[in-house]
Amino acid sequence: MIFNLFALISILIGSLSILCCTGTQSITSDILRKINSPVDIRVLIKKMSVSDKLMIKSSGLISIESQGIRDNLRLTDDEMLNFEITKNGLKQSNKLFTFPVTIRSHDDFLFIDGESYYGHFVCEYADGTLYIINYIDLEVYLYSVVFHEIGKHGTTDAAKAQAICARSYVYSSIIYDKKSAPFDFYADESSQVYKGFRNIPSSIISSVRDTYGTILVENDEVVYTFYSSTCGGFTQPVENLFKVQRHFNSLQGVKCEYCRYSSKYYMWVQKISKKDLESKIGKFNDLKLTQFQSELPHKDKIRIISSEKTSEISLYKEFRKIIGREMIKSPFVTDITITEDLVTFKGHGFGHCVGLCQWGAIEMSLRGFSYIEILQYYFPGSKPKKIY
Ligand SMILES: [Zn+2]
């Protein structure tokens, strides 16, 4: 396994550096065949509709499998493989590949919409929608997730803490949250951001490799390792925002001393015209914030008071969706000011504020804290555990 992992890392480093410079890749099928995945997950890359066109590209050997029949082909440098999506299958020239269709690039990345992906793809069709699902080794998936979630701001211990959170998030989601969908995770913030392997620096690969197989546990059970950009000074109890199957003491919220020094979202102000807001929530005389039952300053509900009635809805889950996600950046809203024609929201933080505060973690790592100290700060009572 160790040998295989190093082989894969050297493949990624080699290929990515070549990708950046020349646009070509250097993965060989001999090396790829030696990789033995510890865990494979299924990530929904894209949803498409009938009559859309699916375009893929790879400089390696591509196979397309459907109904037990397999077609192999190689594309020239500038060639794209175009599929027409029909409700019966993927049509390429005069050939129809009936669903489910598996597309595999045997010795190179596969490009979909210009993003480079790894692993193989299953195209499934249900209720008028084509689901393109990437089956990928968990450890390889993490290179992309850690880079896109935190790695662009590049501090090593923050990236290691993020790698353990992202890996534990995968495990906790699969173990605790049974899903009926044909995939395990979305490729965006609904799960974790996974956007292929373009330009991933070697420091991120090292951070994932150095925490290989490590998850976060409390009493030997994998913790729901939620994380968000900026907590604004306090992380909050997971139960305030998410329905979880298990209670963890390490997810009950902590005071965060760090994101105030690093995040531009530590404090925010958003303004909306009263007319625009009333077009979304109806006419009102006043808006009041309602406290969570906990002592933390995040708010649970907003009371909308009009001359006819008073209603109360969830601030972060419902009100934010109605008026626009960008207007309410976190559940930590501190003030609402209403003038004749303008409504101003003030708050702290960005994201749901549960679990790891990413900008807090970056600040902690800059101050010399290790990834273990970062994780134990945001998930008190938990500890890392290597499971493979
Ligand atoms: Zn914070």
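Tutor: Let us begin with a definition: a residue counts as buried if 20 or more other C-beta atoms lie within 10 Å of its own, as exposed if 12 or fewer do, and as partly exposed in between. The structure above is a predicted model.

Student: Then how does Tyr212 count, with its C-beta neighbours inside 10 Å?

Tutor: Tyr212 has 16 C-beta neighbours inside 10 Å, so Tyr212 counts as partly exposed. This residue sits in the loop that joins helix 5 (202–210) to strand 14 (214–218).

Student: How far apart are Tyr212 and Lys386, in sequence and in space?

Tutor: In sequence, 174 residues separate Tyr212 and Lys386, yet their C-alpha atoms are 7.6 Å apart in space.

Student: And for the protein chain, what share of contacts between residues at least 6 apart joins residues at least 24 apart?

Tutor: The share is 67% of those contacts. The protein chain has 388 residues, of which 42% are buried, and its secondary structure comprises 10 helices and 24 strands.

Student: What pLDDT does the protein chain average?

Tutor: The average is 86, and 88% of the residues score at least 70. Over residues 1–35, however, pLDDT stays under 50. The model has 48 contacts beyond four places in sequence for that stretch. Where pLDDT is low, the predicted coordinates should not be read in detail.

Student: Let us turn to helix 3. How many residues does helix 3 have?

Tutor: Helix 3 covers residues 138–149 and has 12 residues. From its first C-alpha to its last, helix 3 reaches 16 Å, close to the 16 Å expected at 1.5 Å a residue.

Student: Which residues of helix 3 are buried?

Tutor: Among them are Val140, Tyr141, Leu142, Ser144 and Val145. In total, 10 of the 12 residues are buried, so helix 3 is largely enclosed by the rest of the structure.

Student: At what angle do helix 3 and helix 5 pack?

Tutor: Their angle is about 130°, and their axes are 9 Å apart. That makes helix 3 oblique to helix 5, and their crossing is right-handed. Glu139, Leu142, Tyr143, Val146 and Phe147 in helix 3 meet Ile204, Ile205, Ser207 and Val208 in helix 5.

Student: What about helix 4 and helix 9: at roughly what angle do their axes cross?

Tutor: The axes of helix 4 (residues 156–176) and helix 9 (residues 358–366) cross at roughly 140° and come within 7 Å. The contact is made by Thr156, Asp157, Ala158, Ala161 and Gln162 of helix 4 with Gln358, Ala361, Ile362 and Ser365 of helix 9.

Student: And which residues of helix 4 meet helix 10?

Tutor: Asp157, Ala158, Lys160, Ala161 and Ile164 of helix 4 meet Tyr371, Ile374 and Leu375 of helix 10. The axes of helix 4 and helix 10 (residues 371–378) come within 8 Å and cross at roughly 55°. That makes helix 4 oblique to helix 10.

Student: Now for the backbone. Where is Pro100?

Tutor: Pro100 is in the loop between strand 7 (95–98) and strand 8 (101–105). The peptide bond leading from Phe99 to Pro100 is cis, with omega near -10°.

Student: Is Ser51 buried or exposed?

Tutor: Ser51 is exposed, with 9 other C-beta atoms within 10 Å. Although Ser51 is not a glycine, its phi is positive, at about 80°. Cys353, also not a glycine, has a positive phi of about 65°. Cys353 is buried, with 30 other C-beta atoms within 10 Å.

Notes:
Residues are numbered from 1 along each chain as its sequence is written. This is a predicted model: local features need pLDDT of at least 70, side-chain atom pairs count only at pLDDT 80 or more; totals for chains, interfaces and linings use all residues. Helices (H or I, at least four residues) and strands (E, at least two) are DSSP runs, numbered from the N terminus. The expected span of a helix is 1.5 Å times one less than its number of residues. pLDDT is the predictor's confidence in each residue, from 0 to 100. Two residues are in contact if their C-beta atoms, placed from the backbone, lie within 7 Å. Axes are lines fitted to C-alpha atoms, for helices over the stretch in contact, and angles run from 0 to 180 degrees between N-to-C directions. Angles under 35 degrees count as roughly parallel, over 145 as roughly antiparallel, 65 to 115 as roughly perpendicular and the rest as oblique. A crossing is left-handed if the near helix is turned anticlockwise from the far one by less than a right angle, and right-handed if clockwise.
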